[in-house]
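Please keep the model in view while reading.

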Amino acid sequence: REHFLEIMPESDMSVLLLSFVLTMAVAGINGFLVKKNVIWFMSLLQSKFCPPRLTFRIMWSVSYILMGIASFLVWRNDRDFQSIPMLLYYLQLFVNSFYCPLFFGVKRLDYALVNIALLDIVLIVTVYKFYIISTAAGALLIPYFLWSVFNTALTADFYRLQEGKKRDPIYFTTNYSCHYLYQSELEKLKMKPASRPTVISATPPPFTHNDSLRFRFTETPESLYVQ
């Protein structure tokens, strides 16, 4: 039986911290891209089973935390960063890191769908390999795997709706709509004052009083030399 909360040496604590830093770095990049392009996402025809935005934040955060703990449990078994289960873990994290850049960054739902389907395949093998080494590690990855499968179906539905809108806009815009907060978010965006760019004038500043005095007493006007 494994006791995760038992007293660990300092080196183990460092590896545990590193596992969290690695997963949170991926989460941070993905979160930045989502936040930057949330208005665009709201403008898409929304899937009928798309959950609230808070659900995405909670589930992805929990998935990344459990992912970090699971990788630590597997590493602690043989203390090998280059074992097959750990290499699979790095691979799934690498594939995971491309989903938001493809979906929200370049806005290619077809590429994002292929990406997350590949992630599901890699996760199946990863969960199996983790479970062989540590039952707890394999179990910790199951919520992440199920959430990934759900997002695969959700991505496929979003892709279906956007492609269907191109072929039959009347049907799809009648039966589906943008996010219910889309218009309000647009209004908020319009109400934000636009930052005024700094303009560098090509006209030299006018002479001050001191400048005129300096010119008068230190320089001779050319007009005095004109005959």
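## Terms and basis

A crossing is called left-handed if the near helix is turned anticlockwise from the far one by less than a right angle, and right-handed if clockwise. Helices are DSSP runs (H or I, at least four residues), numbered from the N terminus.

The model is predicted: local features need pLDDT of at least 70, side-chain atom pairs count only at pLDDT 80 or more, and totals for chains, interfaces and linings use all residues. Residues are numbered from 1 along each chain as its sequence is written, and side-chain values use heavy atoms, with hydrogens and water left out.

## Packing of H6 and H7

The crossing of H6 and H7 is left-handed. Their axes (lines fitted to C-alpha atoms over the stretch in contact, with angles from 0 to 180 degrees between N-to-C directions) come within 9 Å and cross at roughly 165 degrees. H6 is therefore roughly antiparallel to H7, a term for angles over 145 degrees.

## Thr 152

Thr 152 lies in helix H7. Its relative accessibility is 14%, so Thr 152 counts as buried (under 20% relative accessible area, 1.4 Å probe, protein chains only). Beyond residues up to four places away in sequence, Thr 152 touches Leu 113, Ile 116, Ala 117 and Asp 120; contact means heavy atoms within 4.5 Å.

## Around Leu 141

Leaving aside neighbours within four places in sequence, Leu 141 contacts Met 67, Ala 70, Thr 126, Val 127 and Phe 130.

Technical notes: Helix = DSSP H or I, 4+ residues; strand = E, 2+ residues; numbered from the N terminus. Buried < 20%, exposed > 50% of the residue type's maximum accessible area, 1.4 Å probe, protein only. Parallel < 35°, antiparallel > 145°, perpendicular 65-115°, else oblique.
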